[in-house]
Amino acid sequence: MLHIVNKSPSERNALDSCLRMAKKGSTILLIEDAVYAVTKGSTVESKMKAAMAKDIHVYALWPDLEARGMQDTVIDGIKQVDYPGFVDLVADNKNVQSWL
């Protein structure tokens, strides 16, 4: 299952809700302000690392990272994906859940 989160973890609890529901083998794609969650030293860094340790695949949309000047501060292990990669993730997953 693909989980898509677009809100900043400091603004809403969408990421926390997503992390509670994501299971081993799930994929999480962070877009728009949700990419703040993948910054080294962020308040949710430990949560993101814990998710990856549970074999949850975490991606961040590269254009949104670049727009915020964060492309060089991404937590190790977070995969960066462009728009065609975003489409591939959607096509590769039978179910998609957007967290608002």
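Is Asp-33 buried, exposed or partly exposed, and what is its relative accessible area? Select Asp-33: the residue is partly exposed, with a relative accessible area of 28% (buried is under 20%, exposed over 50%, partly exposed in between, with a 1.4 Å probe and protein chains only).

The model is predicted, so local features need pLDDT of at least 70 and side-chain atom pairs count only at pLDDT 80 or more, while totals for chains, interfaces and linings use all residues. Residues are numbered from 1 along each chain as its sequence is written, and side-chain values use heavy atoms, with hydrogens and water left out.

Asp-33 and Arg-68 form a salt bridge whose closest N and O atoms are 2.9 Å apart (a side-chain nitrogen of Lys or Arg within 4 Å of a carboxyl oxygen of Asp or Glu). Because Asp-33 lies in the loop between β2 (27-30) and α2 and Arg-68 in the loop between α3 (62-67) and β4 (79-81), the pair ties together parts 35 residues apart in sequence. Helices (H or I, at least four residues) and strands (E, at least two) are DSSP runs, numbered from the N terminus. Arg-68 is partly exposed, at 27%.

Then select Asp-64, which is buried at 12% relative accessible area. Asp-64 also forms a salt bridge with Arg-68, the closest N and O atoms being 4.0 Å apart.

Finally, move to Asp-16 and Lys-47, a salt bridge with closest N and O atoms 2.8 Å apart. This pair links helix α1 (residues 14-21), which holds Asp-16, with helix α2 (residues 45-53), which holds Lys-47, across 31 residues. Asp-16 is partly exposed at 27% relative accessibility, as is Lys-47 at 35%. The whole structure contains five salt bridges.
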